[in-house]
Amino acid sequence: MTLKGTEILVGVTGGIAAFKAAALVSRLTAAGAGVSVMMTEAAAKLVSPQTFYALSGRPVRLSLWTDPQSAHPHITTGKEAQIFCVAPATADVMAKAAAGIADDLVSTTVLAFDGPILLAPAMNRVMWSIPATQRNAAQLKKDGFYFVGPEIGRLSCGDEGIGRMAEPEAIQRAIEDILTGAAPKPAR
């Protein structure tokens with residue numbers, strides 16, 4: 001599938017894997033997609049919003065409260081997008097989504113987005129494996145969220161195990177599969 005002419009919204013949260021989100025945005029724009037990026041405050045401490053602006057050619061949204069482009073960025077940003085990909089999807093954003101909590105731009109947009117949402121989890125192996133995170137992932141799948149990863153490998157903390165964010169190539173393929181209907185639909 002070609003992504004030419006598609007609109008993709010990418011939500012970047014505060015995991016160290018946020019650096020991979022920059023590579024994802026670069027791949028998506030190179031494939032011809034229009035990419036809009038929003039970031040949590042924590043993500044902006046790890047990767048500069050300017051990086052995403054340079055890669056997407058579009059202003060990066062950072063807050064519900066200080067967006068000069070829109071009084072309702074959590075609604076307007078997603079209106080044109082065909083898919084919302086949260087990469088990395090931290091344990092925090094997954095817990096918020098599973099519980100319906102909306103306290104930052106990304107988590108509020110998750111609740112307001114009216115299309116497919118793809119989560120690319122990234123966290124320490126223990127964080128991924130605990131019952132709370134597994135319950136949240138199961139609930140999100142029941143709620144109709146798509147998942148790509150996490151993968152097994154070396155984690156930023158030096159541990160080996162499950163929790164590594166899927167590579168940008170795999171996330172792009174998952175986006176393509178969802179948009180073409182090739183991905184199995186989650187229960188909703």
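**How many nonpolar, polar and charged residues are in the lining of the largest pocket?** The lining has 10 nonpolar, five polar and three charged residues. (Nonpolar here means Ala, Val, Leu, Ile, Met, Phe, Trp, Tyr, Cys and Pro; charged means Asp, Glu, Lys and Arg; the others, Gly among them, are polar.) You're looking at a predicted model, where local features need pLDDT of at least 70, side-chain atom pairs count only at pLDDT 80 or more, and totals for chains, interfaces and linings use all residues. Residues are numbered from 1 along each chain as its sequence is written, and side-chain values use heavy atoms, with hydrogens and water left out.

**The largest nonpolar core has 35 residues.** (A nonpolar core is a set of buried Ala, Val, Leu, Ile, Met, Phe, Trp, Tyr and Cys residues joined through side-chain atoms within 4.5 Å; buried means under 20% relative accessible area, exposed over 50%, partly exposed in between, with a 1.4 Å probe and protein chains only.) V12, L28 and I171 are among those with the most contacts inside this core. Helix α1 hands over the largest share, six residues. (Helices, H or I, at least four residues, and strands, E, at least two, are DSSP runs numbered from the N terminus.)

**Here's A95, sitting in helix α5 (residues 91-99).** A95 counts as partly exposed because its relative accessibility is 30%. The C-alpha atoms of A95 and Q139 are separated by 9.7 Å, though the two residues are 44 residues apart along the chain.

**Now for both ends of helix α3 (residues 49-56).** At the start, a side-chain oxygen of S48 reaches to within 3.0 Å of the backbone nitrogen of Q50. Just after α3, G57 takes a positive phi of about 75 degrees.

Technical notes
A polar contact is a pair of N or O atoms within 3.5 Å; within protein, one must be able to donate a hydrogen and the other to accept it, and residues adjacent in sequence count only if both atoms are side-chain atoms.
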